Amino acid sequence: MNGSFWDALPRPIIGLAPMYGITDHPYRHIQKKYGNPAVVFTEFVQVEELCAGVRRALNTLRYDESQRPIVAQLFGHTPRYFRRAALVIAALGFDGIDINMGCPTKSVAQSGAGAALIRTPDLARAIIDATHAGVRDWVEGAGLREGSRLSTAAVAQVEARRQRLPPAYQQRRSIPVSVKTRIGYDEPATGEWIPRLLDARPAVISLHGRTLRQRYAGEAQWDEIAQAAEFARAAAVPLLGNGDIQSIEDAQKLVAATGVDGVLIGRASCGNPFVFCADGQGATPLRPNNCWKSRWNMQTSLPTVSAQQSAIRLSPCASIWPGMPGAHRTAPRCARRCYT
Ligand SMILES: Cc1cc2nc3c(=O)[nH]c(=O)nc-3n(C[C@H](O)[C@H](O)[C@H](O)COP(=O)(O)O)c2cc1C
């Protein structure tokens with residue numbers, strides 16, 4: 001299994017964007033089953049938590065084979081933790097590692113992680129280098145506890161999961177490191193930021209066409225995405241555009257207008273996994289009850305998800321399957337989480 005899976009994906013790449021609190025294991029399973037996005041990402045996981053073997057972090061990294069190619073997304077601000085986290089991600093059999101440099105949430109950005117890295121390009125570079133180094137260490141035989149506080153129980157859990165992987169994924173293999181980011185912090189800074197990122201040779205850049213300051217307001221700026229795509233093309237690094245894509249037709253328009261190699265679709269997949277299909281089904285969302293049942297069946301069949309976790313995880317589900325009983329109670333809370 002040589003080479004990056006990204007190179008093998010048919011163009012344009014139409015993938016599922018990572019969404020914390022939404023794109024969990026059952027959600028991704030349903031999206032793959034009905035819409036088959038070309039690539040999916042986990043919700044982001046904090047590198048410090050992962051290196052400490054925190055159960056929440058390890059649970060976020062559960063997936064099943066139907067979800068390949070699957071990329072684990074990390075966030076944080078300390079390069080050495082990225083190096084160690086890369087070992088865990090590689091051991092768990094993921095197809096890639098993505099670094100979040102786009103999250104605008106205060107708790108993330110104020111710590112210097114997520115979109116705050118746009119203002120500290122040297123640190124962003126150090127993080128990418130450290131993640132590459134972690135992948136190299138893994139390939140060269142490094143152990144999971146190399147410099148980290150992973151408990152014996154956490155190491156045992158990762159090893160057990162590794163042994164359940166198909167044999168090819170149990171091998172130590174190199175996996176690509178990508179970055180998902182925004183066009184700037186306060187103002188668009190594509191012309192400075194994207195070349196700095198490209199210097200670190202990420203396998204792919206996914207670009208949300210808004211600044212941190214915009215969060216989710218206003219429109220995604222396609223002209224900035226087009227400028228970034230030009231830089232990326234010159235550096236032979238694929239670039240995926242992102243922001244406000246509502247349908248496969250929108251995706252095709254973005255590709256045609258900006259020259260990107262593909263797109264990531266986030267919110268429009270909620271309640272409508274067919275948004276990834278090219279046959280016009282995108283206009284027909286699944287009936288809410290069927291979505292809800294599908295998720296419930298999937299979720300309750302996972303041996304590792306406790307009843308309590310199921311209840312918690314069904315609340316975002318309520319807000320994203322419009323019309324589901326109880327959605328009106330949970331939707332405002334979830335929407336606050338989505339847009340702040
Ligand atoms: C609720 C929510 C959670 C998100 N969580 C993440 C995340 O964990 N990692 C990330 O890179 N982006 C995250 N995003 C940003 C999305 O991946 C995407 O960039 C953004 O929603 C714009 O794309 P869209 O208009 O297709 O939804 C999140 C967005 C939302 C709405």
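Tutor: Let's start with a term: two strands pair if DSSP finds at least two bridges between them. Strands (E, at least two residues) and helices (H or I, at least four) are DSSP runs, numbered from the N terminus. This is a predicted model, where local features need pLDDT of at least 70, side-chain atom pairs count only at pLDDT 80 or more, and totals for chains, interfaces and linings use all residues. Residues are numbered from 1 along each chain as its sequence is written.

Student: How do you know that E5 and E6 pair?

Tutor: Strand E5 (residues 177-184) and E6 are joined in the parallel sense by five bridges, and the rule asks for at least two, so they pair. Thr 181 stands opposite Leu 207 in E6.

Student: Why is strand E6 called mostly covered?

Tutor: A residue is buried if 20 or more other C-beta atoms, placed from the backbone, lie within 10 Å of its own. In E6 (residues 205-211), seven of seven residues are buried, so the strand is called mostly covered. For the chain of 340 residues, 49% count as buried.

Student: What makes the crossing of H5 and H7 right-handed?

Tutor: A crossing is right-handed if the near helix is turned clockwise from the far one by less than a right angle, and left-handed if anticlockwise. The crossing of H5 and H7 is right-handed, so the near helix is turned clockwise. The axes, lines fitted to C-alpha atoms over the stretch in contact, come within 7 Å and cross at roughly 40°, with angles running from 0 to 180 degrees between N-to-C directions.

Technical notes: Buried ≥ 20, exposed ≤ 12 C-beta atoms within 10 Å, placed from the backbone.
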